[in-house]
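Hi everyone, thanks for coming. Please bring up the model on your screens, and let's walk through it together.

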Amino acid sequence: AEMKFATLFCFVLLSYGSIDALDIPEQLQKLLKIQKPAEEAPYELPALDFGYDSLEPFIDAETVQIHHRGHHAGYTKKMNAILKQWSDKGENEDLLAQPIVDILKNGNEIPIEFRENLQNQGGGFINHAWYWATLSPLDDSTAERKPIGTVAAAIEQRYGKFELFQKEFTETASKFFGSGYVWLCQVAPSNVLQVITFPNQMTPFAFDLKPILVLDVWEHAYYLKHQNRRSNHIDDWWHVVDWKKVEDVARAWNDEGAKSKDEL
């Protein structure tokens, strides 16, 4: 398995968006608040389901506000600007008319002058939306959160018990070099779970992976509170993962739209 995903990662770096990718169901796009706007309206910054101070004492209000209104908003604004420039140029308008998720999974068809920047900014727009979508405040800050439903069963089947999965995920996040994200993905077509990392703003759904949970390990996600102590950020994050929302994401992937070409 390790060799398989090392090989996948090298292939990804060379051909981002060039393999048969999954369709993301509309219900999942709605959960993430990334669906295509009406007509030619720009994409909006996805609203949070909680207040900026709601994740305390684990993630501080200043970090959440800067992360959302600064970084996430910045990716959204820059993505919209690139889409506008592309529209003004009038190239490959059929692809441009698609939702951003479909544009990114067909990355090699994006006009070359916009390709890298749109993959970065569009990836930042989507990846941050995924990160926020599976977090929520705790009514009791001492409570322990654990997976439920199909996600709990899949973790038990793949790792034996939640604690072993948590250990692998934590170690992967701690050792990950540089900036990016750590994802828990279902691997099509079997939907076996895999912890996998992607650098910068690459998006796993473009590579036949069904992400259900993500941790942002860019320094802007934790530096105000933890400085260079990423391990403290990881420990805090586990307290605010909402496993009901993770279950909702996993179930949304099982809609009829979430099929790769190999499954059709």
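Let's begin with Asn191, which is partly exposed, with a relative accessible area of 23%. Here buried means under 20% relative accessible area, exposed means over 50%, and partly exposed is in between, using a 1.4 Å probe and protein chains only. Asn191 sits in the loop between strand 1 and strand 2. Its phi is near 65°, a positive value in a residue other than glycine.

Before we go on, a word about the source. This is a predicted model, where local features need pLDDT of at least 70 and side-chain atom pairs count only at pLDDT 80 or more, while totals for chains, interfaces and linings use all residues. Residues are numbered from 1 along each chain as its sequence is written, and side-chain values use heavy atoms, with hydrogens and water left out.

Back to that loop. Pro189 lies there too, between strand 1 (180–187) and strand 2 (192–199). The peptide bond from Ala188 to Pro189 is cis, with omega near 5°. Another cis peptide bond runs from Glu56 to Pro57, with omega near 10°; Pro57 is in the loop between helix 2 (26–32) and helix 3.

Now let's zoom out. How many helices and strands are in the chain? There are eleven helices and three strands. They are DSSP runs numbered from the N terminus: helices are H or I with at least four residues, and strands are E with at least two. Along the sequence, the pattern is α-α-α-α-α-α-α-α-β-β-β-α-α-α. Of the 264 residues in the chain, 52% are buried.

Let's go inside. The largest nonpolar core has 76 residues, and those with the most contacts inside it are Trp130, Phe165, Ile212 and Trp243. A nonpolar core is a set of buried Ala, Val, Leu, Ile, Met, Phe, Trp, Tyr and Cys residues joined through side-chain atoms within 4.5 Å. Helix 6 (residues 112–133) gives this core its largest share, nine residues. Look at Trp130: leaving out residues up to four places away in sequence, Trp130 touches Ile24, Leu28, Leu32, Trp183, Phe205, Pro211, Ile212, Val214, Val249 and Trp253. Contact, by the way, means heavy atoms within 4.5 Å.

Helix 6 also packs with helix 3 (residues 61–89), at an angle of about 145° and with their axes 9 Å apart. Axes are lines fitted to C-alpha atoms, for helices over the stretch in contact, and angles run from 0 to 180 degrees between N-to-C directions.

Last stop: the buried residues of helix 10 (residues 230–240) are Arg230, His233, Ile234, Asp236, Trp237, Trp238 and Val240. Their cover includes helix 6, helix 8 (162–175), strand 3 (209–216), helix 9 (223–226) and helix 11 (243–253). In helix 9 you can find His226. Is His226 buried or exposed? At 8% relative accessibility, His226 counts as buried. Apart from neighbours within four places in sequence, His226 is in contact with Asn232, His233 and Asp236.
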